[in-house]
Amino acid sequence: MNTHPNTSPTDSDNVLVIKGLIKRHGQTETLHNVDLTLQPGERVALLGHNGAGKTTLMKLILGLWKPSEGEIRVAGAIPGTQEARRASAYLPEAVAFHRALTGREQLTMFARLAGESPKITGPLLERVGLAEAADRRIGTWSKGMRQRLGLAQVLLGKPRIALLDEPTSGLDPISRHDLYAIIDEMASHGTAVLIASHALTEVEARTDRIAIMRKGRLVANDTLTRLSSRAELPIRLRLTAQNNDATEIHERLGGERINGASVELLCQPENKMERLARIAALGDLVIDVEMDPPSLEDLYRHYSGEDRK
């Protein structure tokens with residue numbers, strides 16, 4: 001099944017092109033026939049359980065491993081070459097820096113390696129919220145602070161593609177919001193961003209496309225709207241009854257009673273308007289209606305096979 005909406009006319013328009021990718025470790029096939037593209041400025045969430053193949057895919061894109069079959073091109077170059085490395089930035093889940101260096105010293109070293117002026121380190125540290133801690137030794141920093149320093153490193157060199165592996169790990173809610181604001185800014189300047197994450201509620205609203213892996217296969221790859229339409233999962237309606245008594249509503253519409261005061265109904269998207277008309281016909285019996293479409297968690301369970309266990 002072709003799970004990718006072919007929105008770009010040629011491979012040359014994409015920052016990342018993966019075709020027929022297979023990776024074997026001995027007799028074990030960890031990736032099977034993966035096709036994936038990223039366009040400039042596109043934010044794609046890469047989802048999947050541990051062992052689904054997300055980390056393997058990222059290592060292949062970075063050139064740390066070589067494909068068993070298939071091909072990968074990063075900004076038109078083979079992974080691992082100088083051109084591909086220059087175009088790529090990577091933030092691992094567990095970042096590691098020299099504990100004896102200050103944040104400013106560490107980022108200055110990375111700036112020189114990236115061919116950037118050391119003068120850029122001050123604004124970058126400010127941008128990721130580390131200006132006040134910049135001259136403290138990294139060994140005294142929290143995990144979240146080290147994660148933010150890793151993000152500052154990603155911003156060096158204006159990469160064509162950024163690979164972020166669980167980027168919000170160890171961050172508090174405010175820092176998570178700030179991180180996605182920086183991701184949005186990177187994308188607005190043309191950087192393609194591939195985000196491997198377990199934080200479904202975060203990526204649901206902050207990415208353009210969802211790619212779901214299961215046992216080494218890419219089982220879904222599309223916008224949230226189109227994935228939802230294809231899955232045909234039900235919409236959830238919750239009706240709140242007048243005087244906290246849902247008896248008559250339940251008798252006339254069925255569904256599941258919740259605490260005696262509400263009724264929960266499921267309906268397919270194509271039946272939504274008909275069901276809402278029946279609810280409206282109940283008049284004052286219903287004082288409120290909440291409507292919840294399938295969430296990313298619902299879609300993830302559907303495409304990853306979790307709802308069939």
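## Two helices side by side

In this predicted model, Arg148, Leu151, Val154 and Leu155 of helix α5 are in contact with Ser175, Leu179, Ile182 and Met186 of helix α6, where contact means heavy atoms within 4.5 Å. By class, this contact of α5 with α6 has six nonpolar, one polar and one charged residues; Ala, Val, Leu, Ile, Met, Phe, Trp, Tyr, Cys and Pro count as nonpolar, Asp, Glu, Lys and Arg as charged, and the others, Gly among them, as polar.

The axes of α5 and α6 come within 12 Å and cross at roughly 5 degrees, which makes α5 roughly parallel to α6, a term for angles under 35 degrees. Axes are lines fitted to C-alpha atoms, for helices over the stretch in contact, and angles run from 0 to 180 degrees between N-to-C directions. Helices (H or I, at least four residues) and strands (E, at least two) are DSSP runs, numbered from the N terminus.

## How the model is read

Residues are numbered from 1 along each chain as its sequence is written. Local features need pLDDT of at least 70 and side-chain atom pairs count only at pLDDT 80 or more, while totals for chains, interfaces and linings use all residues, and side-chain values use heavy atoms, with hydrogens and water left out.

## The cavity

The structure holds one cavity of 30 Å³ or more, and the volume of the largest cavity is about 40 Å³. On a 1 Å grid over the protein atoms alone, a cavity is a set of points where a 1.4 Å probe fits but cannot get out, a pocket is an open set with protein on both sides within 12 Å along at least five of seven lines, and lining residues have an atom within 4 Å of a point. Grid points are joined across faces, edges and corners, and a volume is the space filled by probe spheres set on the points.

The lining of the largest cavity consists of Arg127, Val128, Arg148, Leu151, Ser175, Asp178, Leu179 and Ile182.

Six strands form an open sheet with mixed pairing, in the order β5-β6-β7-β3-β8-β9, where two strands pair if DSSP finds at least two bridges between them. Strands β5 and β9 (217-222) are the edge strands, since each pairs on one side only. Within the sheet, β3 (residues 43-47) and β7 (residues 192-196) run parallel and are joined by four bridges, and valine 44 has leucine 194 of β7 as its bridge partner.

Helix α11 (residues 296-303) packs on the sheet, where it touches β3, β8 and β9, and its direction makes about 35 degrees with that of β8. Helix α8 (residues 224-231) lies across β8 (209-214) and β9, and runs at about 110 degrees to β9.

Notes
Angles under 35 degrees count as roughly parallel, over 145 as roughly antiparallel, 65 to 115 as roughly perpendicular and the rest as oblique.
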